[in-house]
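Try each task before you read its solution.

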Amino acid sequence: DLEAHDLVMSLFGGLSKAERRRIQHRTRASMLALATTGRWLGGRTNYGYRLVDTDLPHPNKQKAAAGAKLRTLEPDPDTAPVVRRIFTLYDSGYGFKSIAKIMEREGFPSPGEVGPVRHPRSAGVWSSSAVRAILINPRYVGKQVAGRWRRHDTLVDVDDAAQGTTSRQRRQQRDAWSWSEEEAWQALVT
């Protein structure tokens with residue numbers, strides 16, 4: 001009886017894993033396709049922008065019937081100038097750390113202070129990694145981008161698959177990204 005139970009549980013586990021992979025594939029394909037149309041894909045709003053409703057109804061019929069609108073980004077009057085200043089400083093030859101120190105010294109709100117509460121110690125603190133994240137993000141030129149990162153699963157032990165996998169995000173090559181064909185929202189920088 002125990003062997004039959006183990007066999008059935010292994011079968012269900014395999015079916016569950018296959019369904020999970022199918023859902024991941026469909027979700028990723030949908031996000032890449034929506035990115036080329038310039039749709040906001042959700043998630044945390046980028047520093048320098050705020051999320052607003054458009055005049056267009058939500059594409060999901062049930063949400064549209066409830067009055068939901070399609071959402072997009074628009075420049076935030078408080079933080080958009082900070083993003084422009086960061087790009088100007090970088091173009092002038094300043095490095096990530098130097099820019100972070102300037103942002104802190106001049107009292108600009110850090111990404112940890114804007115939007116949803118993150119780690120309490122990040123409020124008011126500019127890090128070089130925050131500056132770098134802003135400078136390498138293509139959304140600031142007005143384009144929606146998806147597929148910059150991809151999850152890769154690796155077996156914990158290749159000789160014992162029952163131990164499972166570890167999952168890591170890896171940066172994709174630029175030619176694998178999906179870009180919106182037209183400007184999706186107002187660019188903060190050129």
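Rings of Phe, Tyr and Trp (its six-membered ring) pair if their centres lie within 6.5 Å; planes under 30 degrees apart count as stacked, over 60 as edge-to-face and the rest as tilted. This is a predicted model: local features need pLDDT of at least 70, side-chain atom pairs count only at pLDDT 80 or more, and totals for chains, interfaces and linings use all residues. Residues are numbered from 1 along each chain as its sequence is written, and side-chain values use heavy atoms, with hydrogens and water left out.

**Exercise 1. Find the aromatic cluster, then classify the pair W40 and W185.**

Solution. 
- Step 1: The structure holds seven aromatic pairs.
- Step 2: The ring centres of W40 and W185 are 6.1 Å apart, and their planes stand at 70°, so this pair is edge-to-face.
- Step 3: W40 sits in the loop between helix 1 and strand 1 (49–57), while W185 sits in the segment after strand 6 (178–179), so the pair ties together parts 145 residues apart in sequence. (Helices, H or I with at least four residues, and strands, E with at least two, are DSSP runs numbered from the N terminus.)
- Step 4: W40 and W185 are both buried. (Buried means under 20% relative accessible area, exposed over 50%, partly exposed in between, with a 1.4 Å probe and protein chains only.)
- Step 5: One aromatic cluster is formed by W40, Y49, F87, Y140 and W185.

**Exercise 2. Classify the pair Y47 and W126.**

Solution. 
- Step 1: The centres of these rings, Y47 and W126, lie 5.6 Å apart with planes at 90°, so the pair is edge-to-face.
- Step 2: Y47 belongs to the loop between helix 1 and strand 1, and W126 to the loop between helix 4 (96–105) and helix 5 (128–135), so parts 79 residues apart in sequence are tied together.
- Step 3: Y47 and W126 are both buried.

**Exercise 3. Is M9 buried or partly exposed?**

Solution. 
- Step 1: M9 is placed in helix 1 (residues 2–37).
- Step 2: Its relative accessibility is 44%, so M9 counts as partly exposed.

**Exercise 4. Describe the whole chain.**

Solution. 
- Step 1: The chain has five helices and six strands.
- Step 2: In sequence order the pattern is α-β-α-β-α-α-α-β-β-β-β.
- Step 3: The C-alpha trace spans about 70 × 45 × 35 Å along its principal axes.
- Step 4: Of the 190 residues in the chain, 27% are buried.
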